[in-house]
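Here are my notes on the model, point by point. Have the structure open while you read.

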Amino acid sequence: METRGSIEGVFLSSSKARSFRAQSSSEGDVEDVEPGKIQVKSSESVLPYVGAACLGAVLFGYHLGVINGALEYLAKDLGFPENTVLQGWVVSALLAGATVGSFTGGSLADKFGRTKTFMLDAIPLTVGAFLCATAQSIETMIIGRLLSGIGIGISSAIVPLYISEISPTEIRGTLGSANQLFICIGILAALVAGLPLADNPLWWRTMFAVAVIPSVLLALGMAFSPESPRWLYQQGKISEAEFSVKRLYGKERVAEFMSDLDTAGQGSYEPEAGWFDLFSSRYRKVVSVGAALFLFQQFAGINAVVYYSTSVFRSAGVTSDVAASALVGAANVFGTTIASSLIYTIYKRRNKGSSNNHLCNPPPHPAAAMSRDSYLM
């Protein structure tokens, strides 16, 4: 996975009572701006673009959870109601595709850019959902699940990357946790979508077809979203990077932003690292703690809950099995909201005395440890 460093450092306004000269390369003009007349875009100006990117997180959660209530009904419709092996293939095909997608997402984002990768990602997401919704055989269903998995695997790499690279410092922590929150919202949406199944056994096709809508909206939304200024700068597209900064934060911040990128670029060289470096004494403790967290999370049985809670509730004699699963999904959203808030609050307290000058490469939000990748393990 690529380094998810981001560009920040132009988001704090100077408090000195002086005028400055702001250059806008796209317009080719230089302006004198008086401090009292500065009208800088608010930090919330990036929220529409973050929201468009978070459709990828919603789709990730939706494709994970949609099989929960639909599995029994699609198995009957496609002719393998008693074959648990084939049912397992339908579930795990998504994860197999996601594994492939997660390894390629970062490379695609580096080569084509963040927004274009989002638009490319919408192709397997849309086609996969369509194939699942119209499947007349187990083979078509598995292919559809594989394609959907590739799509959510790619989004698992680029959603948090894009958000981190366009988020201003003052709300970076809040936006950093949006990725995981929207995954849980997607899971909840899939579980709620299964409520009509008891009255309409063929409703499972509609459940899969619904995923086409946010996939198309993701492509459209990113078509109108600015490219990451950091990626553009790395590609040597300076004028385009400046225009992207102007769209995100206002032209008053362009000159200082580009200056910070220059500074960060000059001092950001690090020697290449290999996989075996993860086991060196420098990283051993961090890697061990991170791996242990994911391991214990799997032992808690979260994957079984996400994929099979409806079947478990039914076996336990719960009448409203799908509704019970929806309540589990709601609890998941609630817990994620509380945990993200607490983790970031504690993080800020512990780092209160440290420097806040994280310019173009600030530390990631600590709640990122609860990332979407945990569902792929």
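1. Axes are lines fitted to C-alpha atoms, for helices over the stretch in contact, and angles run from 0 to 180 degrees between N-to-C directions. With that in hand, take helix H7 (residues 203-210) and helix H8 (residues 212-223): their axes sit 5 Å apart at an angle of about 5°, so H7 and H8 are roughly parallel to each other. Phe208, Ala209 and Val210 of H7 meet Val212, Ile213 and Pro214 of H8, where contact means heavy atoms within 4.5 Å. That contact has six nonpolar, no polar and no charged residues. Here Ala, Val, Leu, Ile, Met, Phe, Trp, Tyr, Cys and Pro count as nonpolar, Asp, Glu, Lys and Arg as charged, and the others, Gly among them, as polar.

2. Some ground rules. This is a predicted model, in which local features need pLDDT of at least 70 and side-chain atom pairs count only at pLDDT 80 or more, while totals for chains, interfaces and linings use all residues. Residues are numbered from 1 along each chain as its sequence is written, and side-chain values use heavy atoms, with hydrogens and water left out.

3. The overall picture: the protein chain has 14 helices and two strands, taken as DSSP runs (helices H or I, at least four residues; strands E, at least two) and numbered from the N terminus. Of its 377 residues, 44% are buried, with buried meaning under 20% relative accessible area, exposed over 50% and partly exposed in between (1.4 Å probe, protein chains only). Among contacts between residues at least 6 apart in sequence, 79% join residues at least 24 apart.

4. Next, helix H1 (residues 47-78) against helix H13 (residues 302-315). Their axes come within 7 Å and cross at roughly 30°, which makes H1 roughly parallel to H13. The crossing is right-handed; a crossing is left-handed if the near helix is turned anticlockwise from the far one by less than a right angle, and right-handed if clockwise. Residues making the contact include Leu64, Ile67 and Glu72 of H1 and Val305, Tyr308 and Arg314 of H13. By class, the contact of H1 with H13 has seven nonpolar, five polar and two charged residues.

5. Compare helix H2 (residues 84-112) with helix H3 (residues 114-134), which pack at about 130° with axes 7 Å apart. H2 and H3 are therefore oblique to each other, and their crossing is right-handed. Gly105, Leu108, Ala109, Asp110 and Phe112 of H2 touch Arg114, Lys116, Thr117 and Leu120 of H3. This contact of H2 with H3 divides into four nonpolar, two polar and three charged residues.

6. Is Asp321 buried or exposed? This residue of helix H14 (residues 321-350) counts as buried, at 12% relative accessibility. Leaving out residues up to four places away in sequence, Asp321 touches Thr310, Phe313 and Arg314. Its C-alpha atom is 8.1 Å from that of Ser309, twelve residues apart along the chain.

Note on methods: Parallel < 35°, antiparallel > 145°, perpendicular 65-115°, else oblique.
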